[in-house]
Every structure is written in C-alpha cells, then in structure tokens.
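This briefing concerns a single protein chain, shown below. Please keep the structure in view while reading the points that follow.

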Amino acid sequence: MICPILSQSRREPDGTSSWDHHECIEGACTFWAEEVKSCGIRASGLLVIARARAAAAGAEAPGGGPSGEPLFGSPRAALDPRDLDPIVAAVERSGQAARDTGLKLLEGVAALEEPLKATGQELGGRMEALNAAMLSVTTTVEGRMSRLEQALQTVSEAVVGGVTAKPAFVDDLEKALSSLTRRLGGVADRFTALADSLENVSSQVTRLSSAHEEISASLSHEAERRRQDDLRRQKEEARQLSVRGAALYHKGAAEAAEACFRQAGELDPGSAEIQNNLGLALSRLGRDQEAETCFMRALELDPTLAEAMNNLGFVHHRGMEFEKAIEMFRKAASGSRDASLAYTNLGNACYKLARYSEAVEAWTMALEKDPLNENARRALRAFQQPDGAAPS
C-alpha cells in the first residue's frame, strides 16, 4: 500500500509533477490504526477511528456539520522525529564533507591561478621583446638594402661611364659586390632563423593559452557541479526538516513545527509545499494573516497546488470572508487529490451564506468522492432533519 504521507511530489524541469512513492510502514507509523488494520491519516479515516473509539468508551463522536469549521489540510510526510535523526546526521556529515572538499578545491585553484598569470605575463614580455627585435632587424635590413641599392646605382653609373677606361676598377667593384651579396645572404638567413624562432614561440604561447582555457573551463565546470551538489544537498535537508515539521505538527507541537518549516524554507525557498506547511503551522497558532501570506506564496510558486487553495479558503472562512472562501474551495475541489475534503468545506461555506441548495450539492459531491466522509454525511443528515433546521 502506498503511503500518502511519506510519498513526496516533485516538480520536473518541464513543469510537470511526479511522485516518489513510499510503501506504508504499517505498525511503525504514528497514524496506523490497529482497530481497522489500515492507515488512519485521512480526515475521514481519523473520524471513523475516533467514532469507533468513542463508541467503545460510550461517548459521542466529535461534532461538526453545516455550522462547523472547515477541515484543515495536513502537512505530508509525517514521521516520528526520532526516526529521522540518523538520516539528518548522515546528511549533515555529507554536507560537511562536501564543504571541506570545496574549500580544498578552491585553495588549489587559487594556488594554480597565480602561476598561470605569471606565465602569461612572462610570455607577453617575451613576445614584445621578439617583436621589438624583429622590428629592429627589419629596419636594419631595409636600411642596408636601401643603401646597397644606392651604391649599386652609383656603381652602375660609374661602370657605364668608365668601363673602357678603368677595367681594374670594375673587377674590384665586382668583388666588393659579391662580398656584400654574401653578407646580405647571411643577414637574410639570420632573419629567417629569427622568424622561425618567433613562430615556435608563438606556437608555444598558443598551446599555453589553450591549456589555460581548458583549465578555466574545467574549473568552471567543477564550480557548477559543486553548486548543483549544494543545491541538491540543501533540498534534501529542507525535505528532512519538512518531514520533521509535519511530524511535530501532527503531535500538536505547532511552534516547533513552525521552526522546522522556516528552516526548510530558507534552504529551499522555491518549494510551494514547504510554504503551504508553514502556513498550516501559523494558522494552528492563530496567526492567520501570516498564514495567508504563506498560502499565497505557495500558490505563486505552484498555482496548481490544491492543498494551498483549500487552506487559504479555511483562513477566509475563519475570517468570515465566505465569498472568498467559496472561491478558493471551488478551485481546490477541481484539482485536489482529496477533493472530498474541499467539497465538504465548500458546502459548509455555502451554508453560512444560506445558499442551501449549493451546500447540499457540495456535500453530495463530497460523498461521491469519498463514501467514508463522515463530515459530509453528518452535514446532510443534520440538514435533512424533519424540522428542516441544521443542528447548532
């Protein structure tokens, strides 16, 4: 049998909802009903058990009916808090280990970042020096080439003018030109070697830059993974706190339950169910204005959360705002997993405004949804008394 309390809903990234089902733990559960060998957590089931026990003791079952208060929702996943202590301790140890690992990783990243920066600066300096050297060599070569061209032009003119008169001068000039050509070839070879060296350095800089980018990407990926791990850990801690708060709520410790739900809300501010549970605890303490804020916040986070609609309707009902209560109960009845509870509350609110036909219709729907709903059955029976008046 699937337990409706331990089972948890989960919002998927595409906006749909799914459930993590949990098997019933039967006699180990606070709400296991030995009298009927079944779960007694549902509102109707609790009434049946209460009536059976009252009958056995010779007493009347708890009152309720058209003029009674609407039925409150209940936080889900109620367990004995002592059963959660090992789980919470394990989660806390896991969280501490994750934080220690994260600190060591950050220290390693910080230690690696400075050498990388220093290496980059050194390579930048070398590149600037090589560029300056190349510019200097290029300027020198260009200057020499220019002077050589001028010298060649002068020699050519002199050769053309005096080739017949001074053949020995021409021979000496050819020798000088050959020597200059050899020297120029040596300069060109050195320039080529320098260019090759510069290209090699540039290739090394490119490889270092690629390695730096890979390291940065790896660090970013690791940081994102750690962030996601922290979020999952926080959500798990929030879920455990919410479970503990639900157990405390059902045991009547509303103040302690409020503290658990608030801590859970800080760890997982995007959980509509935690906000709804916090509203339940605040309403149990009579702080309806704060409870209304929590229920509205839950509906902002999940506009389809019928439990929050029903509980918000309860707050309006208790504040004598019956029209608002009717509106919320109708919405809750159309989307609630336990529509019978919402229809019962809807009938009670309609009765308060003397809209008797609507009240009877709502109570009838409540019984169709759950034939064991004693509140709706008792309301109909009281309304259909011979004198036509509902019991006080």
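The points below treat the chain as a whole, then its helix packing, then selected residues.

The model is predicted. The chain contains 11 helices and 4 strands. Of its 392 residues, 34% are buried. Among contacts between residues at least 6 apart in sequence, 58% join residues at least 24 apart.

**Helix H5 against helix H6**

- Helix H5 (residues 272-284) packs on H6 with the two axes 8 Å apart and at an angle of about 165 degrees. Because of this angle, H5 is roughly antiparallel to H6, the threshold for that term being over 145 degrees.
- The crossing of H5 past H6 is left-handed.
- On the H5 side, the contact is formed by Ala272, Gln275, Asn276, Leu278, Gly279, Leu280, Leu282 and Ser283. On the H6 side, it is formed by Asp288, Glu290, Ala291, Cys294, Phe295, Arg297, Ala298 and Leu301.
- By residue class, the contact of H5 with H6 comprises 9 nonpolar, 4 polar and 3 charged residues.

**Helix H6 against helix H7**

- H6 and H7 have axes that come within 9 Å and cross at roughly 155 degrees. H6 is therefore roughly antiparallel to H7.
- H6 passes H7 with left-handed geometry.
- H6 contributes Asp288, Glu292, Phe295, Met296, Ala298 and Leu299 to this contact. H7 contributes Ala308, Met309, Asn311, Leu312, Val315, His316 and Arg318.
- The residues of the contact of H6 with H7 consist of 8 nonpolar, 2 polar and 3 charged.

**Helix H8 and its neighbours**

- Helix H8 covers residues 322-335, which is 14 residues. The distance from its first C-alpha to its last is 20 Å, close to the 20 Å expected at 1.5 Å a residue.
- Which residues of H8 are buried? They are Phe322, Ala325, Ile326, Met328, Phe329, Ala332 and Ala333.
- An α-helix has 3.6 residues a turn, so residues three or four places apart point the same way.

**Loop residues with positive phi**

- Most residues other than glycine have a negative phi.
- Methionine 320, a residue other than glycine, has a positive phi near 65 degrees. Methionine 320 lies in the loop between H7 and H8. Its relative accessibility is 60%, so methionine 320 counts as exposed.
- Alanine 354 is likewise not a glycine, and its phi is positive at about 65 degrees. The loop between H9 and helix H10 (356-369) holds alanine 354. Is alanine 354 buried, partly exposed or exposed? Alanine 354 counts as partly exposed because its relative accessibility is 43%.

**Residues separated in sequence**

- Proline 371 sits in the loop between H10 and helix H11 (374-383). With a relative accessible area of 52%, proline 371 is exposed; the cut-off for that class is over 50%.
- Alanine 195 belongs to helix H3 (residues 167-250). Alanine 195 has a relative accessible area of 29% and is partly exposed.
- Alanine 195 and methionine 134 are 61 residues apart in sequence, and the distance between their C-alpha atoms is 7.9 Å.

Note on methods
Residues are numbered from 1 along each chain as its sequence is written. This is a predicted model: local features need pLDDT of at least 70, side-chain atom pairs count only at pLDDT 80 or more; totals for chains, interfaces and linings use all residues. Side-chain values use heavy atoms; hydrogens and water are left out. Helices (H or I, at least four residues) and strands (E, at least two) are DSSP runs, numbered from the N terminus. The expected span of a helix is 1.5 Å times one less than its number of residues. Buried means under 20% relative accessible area, exposed over 50%, partly exposed in between (1.4 Å probe, protein chains only). Axes are lines fitted to C-alpha atoms, for helices over the stretch in contact, and angles run from 0 to 180 degrees between N-to-C directions. Angles under 35 degrees count as roughly parallel, over 145 as roughly antiparallel, 65 to 115 as roughly perpendicular and the rest as oblique. A crossing is left-handed if the near helix is turned anticlockwise from the far one by less than a right angle, and right-handed if clockwise. Contact means heavy atoms within 4.5 Å. Ala, Val, Leu, Ile, Met, Phe, Trp, Tyr, Cys and Pro count as nonpolar, Asp, Glu, Lys and Arg as charged, and the others, Gly among them, as polar.
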